[in-house]
Amino acid sequence: MVQNKSLIFAEACPPAQYPVPGKHLKSVSNEIDLDQQLAQGAILVKTEVLSLDPYLRSRLRAPGTKSYVPEFELNKPIENFGVGEVLRTGEGASVSKGQLVYGSFPFSEYVVFDKDAVSKLRPFDNKEGLPLSTWVGSAGMPGQTAHVGLKDIAKPKKGETIFVSSASGAVGQMVIALCHRAGLKVIAAAGSDEKVEILKNKLGVEHAFNYKTTDIKEYLSKISYQIYWDNVAGPTLEAVLDTIEVRGRIVGCGAASEYNESSKGLTNVFRLVSKEILYEGFIVLNRDIGNFYDEIPAAIAKGEIKPIEHITKGLDNGEAFLELLKGGNIGKAVISLE
């Protein structure tokens, strides 16, 4: 028997508050038998990396409120995308010992997946030699989000300019990389001067500003742009509606400004009509990711895409997640249990 540490959903968090580490999220340890008899088709996995993403905030709610994702179950580990190594398999399992698997993981150091859960995992061999953390970031769901949103909605053309909010985050940095590969120029917004410098010096954006200290509308009004990738909604989206070119395209990906505050609504919605703007939101889990795995991991391995990651070692009481929600991290937030 060994100790198996988990991060559980301990108490529902009110909508307009930040989760409190140790209260709404709490680490616990329970014993697990690594030599236990596994059911038909089941596998025992050692978790290697777990993804932290802003959308998890909406799952820390009380039962009964509808959303596009279900609430977490109280006193059970929270779940998100992860990568693990198969330690043991039950008879007839569809994956092998030593194989890597990607999919939805409970936030626990060791996990037993039953036959049905195994069928939803993606086995892979990491032939590209990427860090495992990258498989829950640029080569995982955030990368898929950027890939699909650009391909299906933005449909960028060489020579155009795109504005990306929350640009130093997991999705934002991938949008920047893919747009640069397609021959676009980028305007990028972030919440600190340090992040702005990283956007300029490491991600090579042509225009970058601190939205906390800059008049967003005034800044955007001086640069012609045709596409907006929206990760934040709120006042930034309002400024975009006033400044984006006629027949511009807006990709609705997130609303970070509203995750811990009540929405104040937009005062200029008619701009969507008067400027003939296309606005389309999407959930990548409901979309066809096309040739993503054929193209993106190889591009990362070649250095054509250079992810920035913010790695926390080990499961805490939710401090790493709170840091993400408050904008304290730079790049993709990952928990490493390697």
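This is a predicted model: local features need pLDDT of at least 70, side-chain atom pairs count only at pLDDT 80 or more; totals for chains, interfaces and linings use all residues.
Numbering starts at 1 along each chain as its sequence is written, and side-chain values use heavy atoms, without hydrogens or water. Local features need pLDDT of at least 70 and side-chain atom pairs 80 or more, while totals for chains, interfaces and linings use all residues.

**Stop one: α2.** Select residues 141–154, helix α2 (helices are DSSP runs of H or I, at least four residues; strands are E, at least two; both numbered from the N terminus). Twelve of the 14 are buried, so α2 is largely enclosed by the rest of the structure (buried is under 20% relative accessible area, exposed over 50%, partly exposed in between; 1.4 Å probe, protein chains only). Among the buried ones are His-147 and Ile-153.

**Stop two: the core.** Now pick Leu-52, Val-83, Ile-162 and Trp-229, among the residues with the most contacts inside the largest nonpolar core, which has 83 residues (buried Ala, Val, Leu, Ile, Met, Phe, Trp, Tyr and Cys joined through side-chain atoms within 4.5 Å). Helix α3 (170–181) supplies the largest share, seven residues. A second, separate core of 17 residues includes Ile-216 and Ile-277.

**Last stop: Leu-285.** Look in the loop between β13 (278–281) and α8 (292–301). Is Leu-285 buried or exposed? Exposed, with a relative accessible area of 55%.

Conventions
The expected span of a helix is 1.5 Å times one less than its number of residues.
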